[in-house]
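This report describes selected features of one structure, beginning with a ligand site and then turning to a helix and to the pairing of strands. The sequence and the coordinates come first.

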Amino acid sequence: MKRVKVGLWLWALVLFMGLCTTISSAAFLENRHRRKSTHPVPGTSSFELNRVGSSVVFPIHGNVYPIGFYNVTLNIGQPPKPYFLDPDTGSDLTWLQCDAPCVQCTETPHPLYRPSNDLVGCRDPLCIALHLPGTPKCDNPEQCDYEVEYADGGSSLGVLVKDAFYFNSTKGDQLKPRLALGCGYDQVPGSSHPLPLDGVLGLGRGKTSIVSQLHSQGLMRNVVGHCLSGRGGGFLFFGDNVYDSSRVDWTPMSSDYLKHYSPGSAELRFDGKPTGLKNLLTVFDSGSSYTYLTSQAYQTLTFLIKRELPRKVLREATDDQTLPLCWKGKRPFKRVSDVRKYFKPLALDFTTGGKTKTYELPPEAYLIVSSKGNVCLGILNGSEIGLQNSNIIGDISMQDKMVIYDNEKQMIGWASANCDKLPKTSSFSIGW
Ligand SMILES: *[C@@H]1O[C@H](CO)[C@@H](O)[C@H](O)[C@H]1NC(C)=O
Ligand SMILES: *[C@@H]1O[C@H](CO)[C@@H](O)[C@H](O)[C@H]1NC(C)=O
Ligand SMILES: *[C@@H]1O[C@H](CO)[C@@H](O)[C@H](O)[C@H]1NC(C)=O
């Protein structure tokens, strides 16, 4: 197996424990036991609250290659301090590396977060939601302990606290809600190298996600979206007034797969033609840099791609370790547009209730040009990282699109967009 750099926070598995001891006690670590939960977490409840049509937009920094991850800056605490967080639609909990004190932290760009003394109690609905489908043990009712574990083996252990978050809304007012976040004082880095970040911004479907909390305080609709530019950067948004819904292709979120943003099963087309690959259970995950297919789909797709490549122009570059499959040209390539004519477009068709919505994957959505000037396939074999039945649409395949997760309507939408420009006002609509 070749070494592949993947997004650290790929597809989170959430493991929570009911142990409740004091934050810094060493006894806590001796006592801790790990209990895996594999059952799905129910989606967010859809209270009808006083809806204020506000949104928040954050610039995103980073790219798929060579940086390999994205970050957004959030201002948290009193007084507010900036933190760089990895936006992850594959997990719910937002946490910061935390001086509680820290037992094990990775290198951070900012000083460790000093937790507020406003602890979330063990019987708080947010603590209960975090432990679903289990229940917190509550030895200490004053404290909610958590542990999150990610698909690459990385994890964070900590306690839930409440603190002030500072957001500038698109309407021009400043929001200062108190929201629950994890004070992570024991982090294990995953198989991908530790990211030089302060924490993770959990944007998943659960109640603890920041957007769900903003929604339950009546501040905005429970909608998250992102627009990643193919040139790097882009933006992330909360709320629903940064896009024109009528220009978005919407498809229902799968109810079989409540833990993640999944539009259900897809059929893969290659150059417009059917591949015979059907029932591909698909998940959108901004925490993954690359796209992953099940072993069988990966095998079929690589066969089809290789069969179409002109052998005189491109030959396999086995000396390039950037990704498992790279091709060399006569001269080094500079960008994907230099080679796009040799590759075919892919498409995923999602059908529900007789209606089909297509997610297009032009060559730019699955290729990178490595530092050696070779072109590499950004679609990888999911079996190699332990994924069995799911196919993950990672950042590479979400570039130059607005991808929107509406947790109230339980719909996922996408639309081609220019992600280089930040939407400034509520009158912003998607540029074609
Ligand atoms: C995170 O984004 C900021 C800009 O908002 C940038 O200055 C910083 O270098 C980025 N951090 C990393 C680790 O890429
Ligand atoms: C919010 O707006 C204020 C006033 O315009 C500005 O000083 C501050 O930096 C902004 N904060 C963020 C997080 O953008
Ligand atoms: C995908 O990875 C699995 C596990 O490493 C391996 O057994 C399988 O042969 C791979 N499939 C392809 C098509 O390379």
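In this predicted model, helix α4, which covers residues 295-308, gives the most to the shell around ligand 3, contributing 3 residues. That shell holds 7 residues, of which S295, Q299, N381, S383 and E384 come nearest to ligand 3. Divided by class, the shell around ligand 3 comprises 2 nonpolar, 4 polar and 1 charged residues.

**Helix α4**

The helix that supplies these residues has 14 residues and reaches 20 Å from its first C-alpha to its last, which is close to the 20 Å expected at 1.5 Å a residue. Within α4, the residues A297, Y298 and I305 are buried. Viewed down the axis of α4, the buried residues fall within an arc of 100°, so they line one face of the helix. An α-helix has 3.6 residues a turn, so residues three or four places apart point the same way. On the face of α4 turned away from the buried side, the exposed residues are Q296, F303 and R307. What do the buried residues of α4 pack against? Their partners are the strands β14 (264-270), β16 (280-284), β17 (291-293), β23 (375-377), β24 (379-381) and β25 (390-393).

**The sheet that contains β23**

One of those partners, β23, also belongs to an open sheet of 4 strands, whose order is β18-β19-β23-β22 and whose pairing is antiparallel. The edge strands of this sheet are β18 (315-316) and β22 (367-369), each of which pairs on one side only. Between β22 and β23, which run antiparallel, there are 3 bridges, and V369 stands opposite V375 in β23.

**The site of ligand 1**

Which residues surround ligand 1? They are H61, G62, N71, T73, F84, P109, P196 and L197. The strands β2 (56-63) and β3 (69-76) each supply at least two residues of this shell. By class, the shell around ligand 1 has 4 nonpolar and 4 polar residues, and no charged residues.

**Strand β7 and its partners**

The strand β3, which contributes to the shell around ligand 1, also pairs with strand β7, which covers residues 155-168. The table sets out the antiparallel pairings of β7, with a residue pair for each partner strand.

| Partner of β7 | Bridges | Residue pair |
|---|---|---|
| β3 | 2 bridges | I76 and F165 |
| β6 (residues 145-150) | 5 bridges | E149 and S155 |
| β8 (residues 174-175) | 2 bridges | N168 and Q174 |
| β9 (residues 178-188) | 10 bridges | A164 and R178 |

Two of these pairings are hairpins. In the hairpin formed by β6 and β7, 4 residues lie between the strands, and G153 in the turn has a positive phi of about 95°. In the hairpin formed by β7 and β8, 5 residues lie between the strands, and G172 in the turn has a positive phi of about 100°.

Key:
Residues numbered from 1 in each chain as written. Chains lettered and ligands numbered in written order. Predicted model: local features only at pLDDT ≥ 70, side-chain atom pairs only at ≥ 80, totals over all residues. Near = placed C-beta within 6 Å. Nonpolar A, V, L, I, M, F, W, Y, C, P; charged D, E, K, R; others polar. Pairing = 2+ DSSP bridges. Expected span 1.5 Å × (residues − 1). Buried ≥ 20, exposed ≤ 12 C-beta atoms within 10 Å, placed from the backbone. Arc of directions from axis to C-beta. Contact = placed C-beta atoms within 7 Å.
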